[in-house]
Amino acid sequence: MAARDMDRNERNRQSEFEERVIHVNRCAKVVKGGRRFSFSALIVVGDRKGRVGYALGKANEVADAIRKGTEMAKRSMMVVTMKDKTIPHEILIRHAGAEVFMRPASPGTGVIAGGGMRAVLELSGIRDVLAKSLGSNNSLNVIRATMKALQALRSKDEIEAARQIASVTT
């Protein structure tokens, strides 16, 4: 009986996160008997309440790659700074060849973004934002740039606190 309750609790705890498969890549290795395939799956996981993570799971089967990616993404989650249901300020961040630009939007605008950026923003809980992916369209680099941008966001309170600390020390 206790094991059954534990299984239910485990399922409920896992169901708080929503996962999205962004890209599945098949890689072939030529061996003596023919080709051997392996797969990598790019996964984004979020709770739509301000936490989001991503990972690249690799395995010899698609299902295993997705499962591994989901587990790793849950471990790499970060908290996103939000103002109401949008971002606090404009931001332009570059990672490798990908460059992302995000701008706060008025309520009711929705998430205007494409590809991997849309998944990260939606699963993080941001509802109103204008975003543009510039440069590379490599899904992994776009997601990394988006996560880097979300980490760089600062609320008004955080900025004021940092300025007060700086003015006290000088």
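Helices, of type H or I and at least four residues long, and strands, of type E and at least two, are DSSP runs numbered from the N terminus. With that in mind, colour the predicted model by secondary structure and follow the protein chain from its N terminus, where the elements run α-β-β-β-α-β-β-β-β-α-β-α-α; in total there are five helices and eight strands.

Zoom out before selecting anything further. The C-alpha trace spans about 70 × 50 × 40 Å along its principal axes, and 34% of the 170 residues count as buried. Among the contacts in the protein chain with a separation of 6 or more, 57% are accounted for by residues 24 or more positions apart.

Next, select residues 115-124, which form helix α3, together with residues 139-152, which form helix α4; the axes of these two helices come within 8 Å and cross at roughly 40°, and the crossing is right-handed. To see what makes the contact, show the side chains of G116, M117, V120 and L121 on α3, and those of V142, I143, T146, M147 and L150 on α4. Seven of these contact residues are nonpolar and two are polar, while none is charged.

Stay on helix α4 and centre the view on T146, which is found in this helix. Is T146 buried or exposed? T146 counts as buried because its relative accessible area is 0%, which is under the 20% cut-off. Leaving aside residues up to four places away in sequence, T146 touches V100, M102, M117 and V120.

Finish at helix α5, residues 156-169, whose 14 residues reach 20 Å from the first C-alpha to the last, close to the 20 Å expected at 1.5 Å a residue. How many of the 14 residues of α5 are buried? The count is zero, and the helix is hardly covered.

Conventions
Residues are numbered from 1 along each chain as its sequence is written. This is a predicted model: local features need pLDDT of at least 70, side-chain atom pairs count only at pLDDT 80 or more; totals for chains, interfaces and linings use all residues. Side-chain values use heavy atoms; hydrogens and water are left out. Axes are lines fitted to C-alpha atoms, for helices over the stretch in contact, and angles run from 0 to 180 degrees between N-to-C directions. A crossing is left-handed if the near helix is turned anticlockwise from the far one by less than a right angle, and right-handed if clockwise. Contact means heavy atoms within 4.5 Å. Ala, Val, Leu, Ile, Met, Phe, Trp, Tyr, Cys and Pro count as nonpolar, Asp, Glu, Lys and Arg as charged, and the others, Gly among them, as polar. The expected span of a helix is 1.5 Å times one less than its number of residues. Buried means under 20% relative accessible area, exposed over 50%, partly exposed in between (1.4 Å probe, protein chains only).
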